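The structure is shown first.

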Amino acid sequence: MTDRNHDGLRDLALWRTFLAAHRSGSVSAAARTLGLAQSSVTTQLQALERSVGAPLFVRHARGIRSTPRADDLAARLSGPLDALALALGNPPPAEAPPVRIGGAAEFIERVGMRALASMVADGRRIAVTTGLADELLEQLRMGSLDLVVSAVRPKGRALPAAALVDEEFVLVAAPSLGLAPRAAIAPSDLESVPLLAYAHDVPILRRYWRHVFGVRLDREPALIVPDLRALAAAAVAGAGATVLPTYLISEELADGRLVVLRETDDPPINTLYVVRRPGPLTDAVAEIDRALRAAVA
């Protein structure tokens, strides 16, 4: 029977194993760091879970995923245990685990990489997952990601979320199409122009038509590509007109490869949020949050 009333000092070796597993997200990686057999690491983690009286990790095909209880313990223990290791002449492993972030591929490429490049160059390890907002938020809930840039604000308070930036959408085409940009351009002026869409249900185009023109879009798109970067490339090549966020095509607008067909003081916007895992805010996640905000400021 486990004695849960002791002060925990006899479990220092177990907690060292726990931190190695939490930082690496893998039993095998923790074993290599500590010079132990994988079976020994597994046994020690199971002993700690019995002592704590709650699961600390969830096993899955690619390793282990920490529970909120484990995240809380790691946040409180890492500083004291690392300081003790240094005092005893045994410095903790220098390589911190990667910060796991997610976001739409287009945003990650055009904004995220620019924001994070200097951090990576300075030694920060970052693992990026791209995908749809709902899928990424589910991974965040499961503990597979640490931070997500999401076009969807999660419901409830389980996942802390804060607005990052408002995307502005504009109707654009290449000058080669011969459309004269003007404030009064109407849907009828675009009837012979192919429309380029992100999805079969044309959500971005539909929203623009409703918000700016005040009418329902009832046309089928000529091209469907589930990648905004590909839509921008098709528009530059003269395939047709489309609606895109300004951050994505800032260079194309600046050099004239694309033109805004209708200027408006009230463009459709879409708010992006920084959403993070529940639990204490780590320095690494806070640093990435600040870098992303600086990039969109």
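In this predicted model, helix H7 gives the largest share of the lining of the largest cavity, 3 residues. Strand S7, helix H7 and strand S9 are the elements that each give two or more residues to that lining. Their residue ranges are set out below.

| Element | Residues |
|---|---|
| Strand S7 | 196-197 |
| Helix H7 | 203-213 |
| Strand S9 | 242-245 |

The count of cavities of 30 Å³ or more is 1, and the volume of the largest cavity is about 50 Å³. Its lining is made up of Leu196, Ala197, Tyr198, Ala199, Val202, Pro203, Ile204, Leu205, Leu231, Thr242 and Val243. Sorted by class, 10 of the lining residues are nonpolar and 1 is polar, with no charged residue present.

The second topic is Glu49, a residue of helix H3, which spans residues 38-52. Is Glu49 buried or exposed? Glu49 has a relative accessible area of 15%; because buried means under 20%, Glu49 counts as buried.

A polar atom of the Glu49 side chain lies 2.8 Å from the backbone nitrogen of Leu56. Leu56 is also among the contacts of Glu49 when neighbours within four places in sequence are left aside. Counted in this way, the residues in contact with Glu49 are Ala54, Pro55, Leu56, Phe57 and Arg59.

Notes
Residues numbered from 1 in each chain as written. Predicted model: local features only at pLDDT ≥ 70, side-chain atom pairs only at ≥ 80, totals over all residues. Heavy atoms only, no water. 1 Å grid on protein atoms, 1.4 Å probe; cavity = no way out; pocket = protein on both sides within 12 Å on 5 of 7 lines; lining within 4 Å. Points joined across faces, edges and corners; volume = space filled by probe spheres on them. Helix = DSSP H or I, 4+ residues; strand = E, 2+ residues; numbered from the N terminus. Nonpolar A, V, L, I, M, F, W, Y, C, P; charged D, E, K, R; others polar. Buried < 20%, exposed > 50% of the residue type's maximum accessible area, 1.4 Å probe, protein only. Polar contact = N/O pair within 3.5 Å; in protein donor to acceptor, adjacent residues only side chain to side chain. Contact = heavy atoms within 4.5 Å.
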